[in-house]
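This briefing goes with the sequence and model shown below. It is meant to be read beside them.

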Amino acid sequence: MTTPMMKQYQGIKATVPDAILFYRLGDFYEMFGEDAELAAPILQIALTSRDAGEGKRIPMCGVPYHAVETYMVKLVSTGHKVAICEQVEDPKATKGIVKREIIRIVSPGTLTESISERSNRYLASVFFNVQWGLSFLDLSTGEFAIFQTSEVEALLAELSRINPAEILLPPELIKKAKIWSGYYCSVRDLKSYESTVFKLRFSAQAPLLQEFPVAASAASALWDYLLETMPGVDPSHIVEIKTYRSEQWMFLDQWTRRNLELTESLRNQGKKGTLLSVLDLTQTALGGRLLRHWIDKPLLVQADIEQRLNTVEELTHDSFLRQDLMKILAKVYDLERLMGRVSYGTANAKDLLSLAQTLALLPAIREILNSNTATILKRKIPVLEGLDPLVNTLLNALNPSPPISLRDGNIIRTGYSQEVDELRSIATGGKEWVAKLENAERERTRIRSLKIGYTKVFGYYIEITHSNAHLVPEAYIRKQTLSNAERFITPELKEYEEKILGAEERLKELEFQLFLELREDVRSYTQAILKAADNLAEIDVFVSLAEVAVRKRYIRPQITIDGELSISEGRHPVVEDMLEAGVFVPNDTQLSRERHLAIITGPNMAGKSTYMRQVALIVLMAHVGSFVPAKQATISLVDRIFTRVGASDDLAAGQSTFMVEMHEVAHILKYATRKSLIILDEIGRGTATFDGLSIAWAVAEYLVQHPDFNPKTLFATHYHELTQLEDNFNGLFNLHVGVKERGDDIVFLHKILPGRADRSYGIQVARLAGLPHELLKRAKTLLLELEASKSVPSPIDSSQAVTQFSLFDVPQTHPILEELAQLPLEDMTSRQALQYLYDLRDRIQSTS
Ligand SMILES: Nc1ncnc2c1ncn2[C@@H]1O[C@H](COP(=O)(O)OP(=O)(O)OP(=O)(O)O)[C@@H](O)[C@H]1O
């Protein structure tokens, strides 16, 4: 490397110290120094070195320019930033060092390549000034939103919902590392939070931005970052900033979103086994993303919900309409992302063709909507109009199978431009002329192996083997000698070469220019295309919800505000799907303002969690505007759904299981209102028995004690003592899950029944799980001992193996004697008494 180039490299590198610099050198992007040492092992490419002047060598590695995307994505997805530095002058036309500039900085939040099409990739920005402000943007689709709140929990919930690939923070906030743990963060200068460029670009939205000043500051920094990472590009597909006000959508905290497995399953983090996977029959990526948004943000306003339900209902009545729409939607490309590429100037001819083919479907979609009885979707027709002229232009202009490269011609269709047609006929006609000349020269020279060829360096030539050298005409001018042949040119050939090559070059350039014009043309339709995209996405989601409702026999829920929650024969949408048809046992639910807390007991594995989640999911689906899996459902609107279910995996964040649980309970008690729905699964089990029981008891009491704080609550517990509360509080009642005993075994009925469970059957469930026989025997003994004495048994020591435990070691106080003394013989059938005797004999035999 010459010193001037090194100087240039260092100058550019200094402007992006936190990014790996891809420095364009001919056909390669080279990395030098620390960048090279960092990137080579990640990219699995060879680390070499290069002369850096003054006898020094510098580490180096490089990637070919045409494969840059793969390498860039690899580095960014491992948490690095990449700055792409291009040659911005033609090296042929420059003396000395070629001018180079950074044309793009790619970070996790600004990556638009290689991203999942059915979910969003967000760049977020957070600011704090009395309140929390959040702004986020999906660069590939142009979705740009702001959100402002006083609760840090609400901010965290929103972050967990959008799961940003990168968060921008001011210097003060980035220090609060605990809040942002798990996220990729970049620090921004304070002044970028007050960018005038941003204010000007979105001046039409000044009132909205004034209403949410903190969120607007966050958005300002985000915009500033965007412009810095894409110098010279104005992302024209980002047309408006939306706001997410909390009164419009149901707020779901991160635990509830996770526990209910709305869009991501707890186990494998994927979509399988989620509510989304059950409801998603969308045909387009646009619809797939919108459905995910709807599930993540259930509605709160009754009229909005009814409007969605009306549309779904109308579609459930017309299977032909659904089929027609699904068939045509399956051909729709991702308009939002295509417009994203148009806006950054990366869309190629294939992209414009996909766009045109998609927009060309609009008349047929309008026709389907128009000729059907469904009236609500008809309202979408006007927003799907007005794009036909653009479609015509594009389809007339573009070659139906264009190459990926924009510089190699073959993009523009014959008949679109007279100039293109003329140049093309010269270029191809010229080639024919060469063939003709070849024949003529063969005749003239009588050299049959004479051929005319072409190389980039030497241009056209006539090639004659050495054996025919004596036949070469005098007018031929020698150009090059090969091992077995000589190459010549003639003035005639040279003249034509210039004409043909000139035409080809001009043709390529002209096609490129025409393509750029077309792309600008498309850009001028941005608003209309994005509107059409929004509406196609909605149609897709409605059709999907209706199709699912019909296939899975869902019904329309009645929405009320009277506080009643009544579900008959409700089912869990996901569990039902995983079981064979007809196996899932439906269950009823009845909660009101007066009877609002159900204590649910029953053995492990009986179906308590399934039941409670099913109620939460049905209520949530109703708020989304979906039909629900039940025979009948009346659902009074709730303001929030809270869940406290099972052990969380926040252990990594340094909290014990019990701390996490208590933290979640505290959160629920703080934010729940009388309009909330709460699911509590086994509160207090993460600590010592009596502590846990006391906490669970106190929580249950707290939830029923205050007459104006009576949130609807389902409370599953293994502490049977809690069922006694039914006698003291009117708002509380017992439910249990039915099981049938068969000898020593139990059969789960999965049926929710009134009243309390009489036993917990823990040992029987453990037997089902395959614990060793000896161990089960010992557990049974301990259980009897415990039940009799209500105290903790003495631990077994190694000299006292299970089989050596003697019944008569402590005759006066032995639990079995006490047990016998209290045996309710009057209440037992003779069969039960006999069974008891058999059990007793077994126990005595095993201990003697
Ligand atoms: N209504 C139902 N119909 C059919 N099968 C069901 C039903 N409810 C639950 N099941 C089955 O029983 C299994 C266990 O259910 P679930 O996890 O809800 O039990 P649980 O009572 O909450 O147990 P634990 O107390 O151990 O958490 C489920 O995975 C499902 O396969």
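This is a predicted model: local features need pLDDT of at least 70, side-chain atom pairs count only at pLDDT 80 or more; totals for chains, interfaces and linings use all residues.

Which residue is the bridge partner of isoleucine 462 in strand 16? The partner is phenylalanine 488.

- Strand 14 covers residues 459-465 and pairs with strand 13, residues 451-455, in the antiparallel sense.
- Five bridges make up the pairing of strands 13 and 14, and a hairpin of three residues connects the two.
- Within this pair, tyrosine 461 of strand 14 lies opposite glycine 453.
- Strand 14 also runs antiparallel to strand 16 (residues 485-489), to which four bridges join it.
- The pairing of isoleucine 462 with phenylalanine 488 involves strand 16.

**Ligand shell**
- The ligand is surrounded by 14 residues, and the closest are Asn604, Gly607, Ser609, Thr610 and His750.
- Sorted by class, seven residues of the shell are nonpolar, six are polar and one is charged.
- Helix 22 contributes three residues to the shell, the most of any element.

**Annotated binding site**
- An unreviewed UniProt entry lists Gly602, Pro603, Asn604, Met605, Ala606, Gly607, Lys608 and Ser609 under "binding site".
- Glycine 602 sits in the loop that runs between strand 20 (597-601) and helix 22 (608-624).
- Glycine 602 counts as buried because 28 other C-beta atoms lie within 10 Å, and the cut-off for buried is 20 or more.
- Leaving out neighbours within four places in sequence, the contacts of glycine 602 are Lys608, His736, Val737, Val739 and Ala757.
- Asparagine 604 is also placed in the loop between strand 20 and helix 22.
- Asparagine 604 has 17 C-beta neighbours inside 10 Å, so it falls between the limits of 12 and 20 and counts as partly exposed.
- Beyond residues up to four places away in sequence, asparagine 604 touches Gly762 and Val765.

**Leucine 123**
- Leucine 123 belongs to strand 7, which spans residues 123-129.
- From leucine 123 to tyrosine 460 the C-alpha to C-alpha distance is 53 Å, with a separation of 337 residues in sequence.

How values were computed: Residues are numbered from 1 along each chain as its sequence is written. UniProt positions are given in the numbering used here, feature names are shortened, and annotations may be inferred rather than shown by experiment. Two residues are in contact if their C-beta atoms, placed from the backbone, lie within 7 Å. A residue is near a molecule or strand if its C-beta atom, placed from the backbone, lies within 6 Å of it. Ala, Val, Leu, Ile, Met, Phe, Trp, Tyr, Cys and Pro count as nonpolar, Asp, Glu, Lys and Arg as charged, and the others, Gly among them, as polar. Two strands pair if DSSP finds at least two bridges between them.
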